[in-house]
Every structure is written in structure tokens, then in C-alpha cells.
Amino acid sequence: MKSFFLKELERNGWQAVVFDWEYRKGNWALYRDTSNWWMIATTNTPRLFDVAEPDEYHTRWTVNLIEHLCSQDDIINDLRSTAQQPSNRTSE
């Protein structure tokens with residue numbers, strides 16, 4: 001039987017790569033770590049954060065947290081990439 005957490009992930013567009021072990025949504029990933037812990041990862045940050053698998057009451061909050069952390073990591077990396085690009089301005 002699927003946990004409330006896994007059902008909520010799938011409702012939010014996460015795809016099971018390996019059921020109850022690895023899930024992906026775009027460049028974001030979740031991997032089961034140990035027992036009831038999950039590692040959150042993005043393309044740029046292979047181990048962004050760890051979260052405990054929530055009970056039914058905390059499921060929605062936990063999925064929101066995961067997606068917030070991933071989206072913020074994307075923003076930070078986009079800003080970092082933009083800041084590292086050479087300026088298009090010419091010297092006066």
C-alpha cells in the first residue's frame with residue numbers, strides 16, 4: 001500500500017523511477033536514504049537536504065517544503081550562473 005506521502009508526491013507531478021525508492025520531477029530528485037528518511041537533490045546540488053517521511057497530517061507540508069527547497073536552489077543557481085557570465089557592456 002502506498003503511503004500518503006507517495007500519493008501526494010505523485011499528485012504533485014513526481015514520477016516514480018523506482019517505487020518507494022527514487023522519485024523525480026524535472027531536474028529535482030528524491031532518494032530514500034535510511035528507513036523513513038529521504039534525500040532531496042537537484043541537478044546542481046546532489047544532496048540539498050534530508051527530510052523524514054511524514055505522517056498523514058504533515059504530508060502536504062513536507063511536499064511543499066521539498067518543492068520550495070528545490071525551487072530556491074534553482075533560483076540560487078540561476079543567479080550564480082548569471083553573475084558568472086561576462087558583462088556585455090563595453091569599457092568607456
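This is a predicted model: local features need pLDDT of at least 70, side-chain atom pairs count only at pLDDT 80 or more; totals for chains, interfaces and linings use all residues.

Visitor: Is strand E3 largely enclosed or largely open?
Guide: Strand E3 covers residues 28–32. A residue is buried when its relative accessible area is under 20%. Because 4 of the 5 residues of E3 are buried, the rest of the structure leaves this strand largely enclosed.

Visitor: Which residue of E3 is the bridge partner of Tyr-23?
Guide: Strand E2, residues 22–25, pairs with E3 in the antiparallel sense, over 4 bridges. In E3, the partner of Tyr-23 is Leu-30.

Visitor: Which residue takes a positive phi in the hairpin of E2 and E3?
Guide: This hairpin has 2 residues between its strands. The positive phi, near 60 degrees, belongs to Gly-26.

Visitor: Which residue of E4 is the bridge partner of Trp-28?
Guide: Strand E4, residues 37–42, runs antiparallel to E3, and 5 bridges join the two. They form a hairpin with 4 residues between them, and Ser-35 in the turn has a positive phi of about 40 degrees. The partner of Trp-28 in E4 is Thr-42.

Visitor: Is Val-17 buried, partly exposed or exposed?
Guide: Val-17 lies in strand E1, residues 15–18. Together with Val-18 and Trp-21, Val-17 makes a nonpolar surface patch of about 280 Å². The relative accessible area of Val-17 is 48%. Buried means under 20% and exposed means over 50%, with partly exposed in between, so Val-17 is partly exposed.

Note on methods. Residues are numbered from 1 along each chain as its sequence is written. Side-chain values use heavy atoms; hydrogens and water are left out. Buried means under 20% relative accessible area, exposed over 50%, partly exposed in between (1.4 Å probe, protein chains only). Two strands pair if DSSP finds at least two bridges between them. Patches are made of residues with over 30% relative accessible area and no salt bridge: like charges are joined within 9 Å, nonpolar side chains (Val, Leu, Ile, Met, Phe, Trp, Tyr) within 5 Å. Accessible areas come from the Shrake-Rupley method with a 1.4 Å probe; for residues, only the protein chains shown count as cover. A salt bridge is a side-chain nitrogen of Lys or Arg within 4 Å of a carboxyl oxygen of Asp or Glu.
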